[in-house]
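I opened my notebook to look up a pocket, a helix and an annotated residue. Here is what I jotted down.

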Amino acid sequence: MRQPKIIDRSQDERFMREAMELARQGAERGEVPVGAVLVQDGEVIGRGFNCPISTSDPSAHAEMVAIRAAAAAVQNYRLPGSTLYVTLEPCSMCAGLIVHSRIARVVYGTTEPKAGVAVSRGQFFSQDFLNHRVLIEGGVLAQECSEMLSAFFKARRNGDR
């Protein structure tokens with residue numbers, strides 16, 4: 001199995017900031033602000049932000065969009081050695097795709113207490129039945145990622161769209 005290159009914390013933060021910028025772009029379109037970038041060999045190969053509302057596609061989560069873009073870019077449905085940076089802990093749908101696409105590492109910003117399956121609602125990635133292991137690291141720029149989501153939902157509750 002191809003392993004991701006060792007990336008220092010400053011690079012994790014740089015790529016997370018890029019994911020956060022994508023999340024802002026989604027928020028500007030009225031989507032829940034979640035962004036993702038997929039990196040392989042130090043280069044971004046896929047980008048995405050949540051867009052299920054605007055695309056009428058319930059699977060159009062940021063992770064899904066970034067992984068689809070990366071797979072198309074490298075013309076392979078498997079993405080070994082890659083790292084996915086996402087501003088919010090992945091849900092079960094995205095976790096399944098992460099395993100199937102053979103992503104080596106997931107770095108997320110803040111936890112998702114209602115539906116996150118890395119640590120919040122379960123530990124999907126450590127299940128014995130999985131045929132691929134994914135390294136998980138959470139909490140990179142967690143406060144900033146959390147504040148972006150909180151501000152979005154506060155504005156939505158106040159009727160600001």
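**The pocket**

I started with the largest pocket, which holds about 500 Å³ of space. The model is predicted, so I kept in mind that local features need pLDDT of at least 70 and side-chain atom pairs 80 or more, while totals for chains, interfaces and linings use all residues. Residues are numbered from 1 along each chain as its sequence is written, and side-chain values use heavy atoms, without hydrogens and water.

Back to the pocket: 22 residues line it, and the closest to its centre are Val32, Val34, Leu88, Glu112 and Leu149. I sorted the lining into 11 nonpolar, 6 polar and 5 charged residues.

**Glu63**

Next I checked the UniProt record, an unreviewed entry, and its "active site" annotation covers Glu63. Such annotations may be inferred rather than shown by experiment. Where does Glu63 sit? I found Glu63 in helix α3, residues 62-74. Is Glu63 buried or exposed? Glu63 is buried, with a relative accessible area of 4%; buried means under 20%, exposed over 50%, partly exposed in between, with a 1.4 Å probe and protein chains only. Leaving aside neighbours within four places in sequence, I listed its contacts (heavy atoms within 4.5 Å), including Ala36, Leu84 and Cys94.

**Helix α3**

I also noted Met64, Ile67 and Ala70 among the buried residues of α3. The buried residues of α3 pack against β1, β2, β3 and α4. After α3 comes Gln75, with a positive phi near 50°.

Methods
Helices (H or I, at least four residues) and strands (E, at least two) are DSSP runs, numbered from the N terminus. On a 1 Å grid over the protein atoms alone, a cavity is a set of points where a 1.4 Å probe fits but cannot get out, and a pocket is an open set with protein on both sides within 12 Å along at least five of seven lines; lining residues have an atom within 4 Å of a point. Grid points are joined across faces, edges and corners, and a volume is the space filled by probe spheres set on the points. Ala, Val, Leu, Ile, Met, Phe, Trp, Tyr, Cys and Pro count as nonpolar, Asp, Glu, Lys and Arg as charged, and the others, Gly among them, as polar.
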